[in-house]
Amino acid sequence: MNKQETLAMKERLMTSTRKAYDQKDSYGGVRSSIIKEEFQDRLWKCKEGTHMVDIIPFAAGSFHPTLKEGEADFKMEVYVHYNVGGGEQQFICLTRTLNKRCPICEDQRDLRKQEGKEDAVKGLYPKRRNLYNIIVLDNEEELAKGVQLWDVAQWNFDKHVSARARNARTGEFIPYAYPDKEGKTISFERKGKGSKDTDFIGHDFLARDYDIPQEDLDDAMKLDDVIVIPAFEDVFLAHFGYPYDPAAEGNLESRAAAPATGGLDARLSRRNAAAPSAAPAGDTKLSRRNTASSAPAAAAASSASAS
């Protein structure tokens with residue numbers, strides 16, 4: 001082994017050493033996130049109880065699928081494939097989120113052509129979620145954190161808020177995401193702690209007599225920039241268990257015959273089925289806000305199960 005080969009080997013080994021250190025406290029399970037690592041510490045963890053939040057508008061970045069860079073919005077809608085492959089990874093759906101090719105959606109399309117694959121097809125649907133910049137008004141500790149990132153299922157928040165956003169009497173829309181006094185504080189309650197026994201209920205708009213501070217508007221994250229946009233080839237490898245081969249494009253029989261769920265057996269089956277065609281690849285702020293908002297009415301009627 002010459003000097004150049006030795007240096008290359010050491011570099012690879014050091015990369016593995018750093019990776020092992022970063023993952024030393026991991027217990028396994030989900031090995032990926034749709035949120036970039038540098039934004040993980042800004043994620044708000046919504047705990048059981050009553051909450052009040054202000055939504056902070058943001059300027060679209062360069063990856064937004066429908067807006068030009070710099071245009072304003074208040075949420076980023078994403079679709080997520082969960083439990084992908086044996087590593088139970090998660091990836092944004094490239095098709096439904098960004099209008100790009102998604103190997104999982106293409107596999108689902110091919111499975112629809114086969115009889116008896118209804119359960120497999122159903123299992124490949126992505127989940128709809130929304131990202132928000134928010135200020136949490138629950139207490140001084142949360143308020144001191146400034147603008148936080150909230151990743152929440154469509155069923156738990158936007159479904160309820162959007163349903164209330166149109167005045168039933170006048171037909172006019174309530175501009176709850178406006179950053180000035182026309183905007184609203186949103187209160188709600190989370191009941192339950194687990195993914196299977198949690199309800200988000202009592203969503204309500206509270207009047208406020210303050211504008212969102214400019215410092216908070218300036219601190220809002222470009223929500224299309226916080227998501228991990230995977231390469232088609234990476235999603236393909238995680239889903240099917242073997243590398244994407246452009247030369248095999250259009251020959252989907254082996255892919256369609258492979259199981260559509262993760263796990264070792266599924267991966268081995270996919271590899272065996274695809275072997276002929278696969279090839280290796282390369283005066284506090286809180287008190288001021290609270291005096292402007294009535295006490296949260298978190299015991300309202302409508303409830304929804306967590307998704």
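**Cysteines, a helix pair and the core**

Author: The sulfur of Cys102 has its closest cysteine sulfur in Cys105, 3.8 Å away, which is too far for a bond. A disulfide here is a pair of cysteine sulfur atoms within 2.5 Å. This is a predicted model, where local features need pLDDT of at least 70 and side-chain atom pairs count only at pLDDT 80 or more, while totals for chains, interfaces and linings use all residues. Residues are numbered from 1 along each chain as its sequence is written, and side-chain values use heavy atoms, with hydrogens and water left out.

Reader: Is Cys102 buried or exposed?

Author: Cys102 is buried, with a relative accessible area of 1%. Buried means under 20% relative accessible area, exposed over 50%, and partly exposed in between, with a 1.4 Å probe and protein chains only. Cys46 is buried as well, at 11%.

Reader: Switching to helices. At what angle do H3 and H8 pack?

Author: About 50°, with the axes of H3 (residues 103–111) and H8 (residues 232–240) 8 Å apart. Helices are DSSP runs of H or I with at least four residues, strands are E runs of at least two, and both are numbered from the N terminus. Axes are lines fitted to C-alpha atoms, for helices over the stretch in contact, and angles run from 0 to 180 degrees between N-to-C directions.

Reader: What do you call that arrangement of H3 and H8?

Author: Oblique. Under 35 degrees counts as roughly parallel, over 145 as roughly antiparallel, 65 to 115 as roughly perpendicular, and the rest as oblique.

Reader: Which residues meet there?

Author: From H3, Pro103, Ile104, Glu106 and Asp107; from H8, Phe232, Val235, Phe236, His239 and Phe240. Contact means heavy atoms within 4.5 Å.

Reader: How many residues of H3 are buried?

Author: Eight of its nine, so H3 is mostly covered.

Reader: And Leu94, where does that lie?

Author: In helix H2. Leu94 counts as buried, at 4% relative accessibility. Leaving aside neighbours within four places in sequence, its contacts include Cys102, Phe232 and Val235.

Reader: Last topic. How many residues has the largest nonpolar core?

Author: It has 39, and Ile35, Leu131, Leu149 and Val226 have the most contacts inside it. Such a core is a set of buried Ala, Val, Leu, Ile, Met, Phe, Trp, Tyr and Cys residues joined through side-chain atoms within 4.5 Å.

Reader: Which strand gives the largest share?

Author: S4, with five residues.
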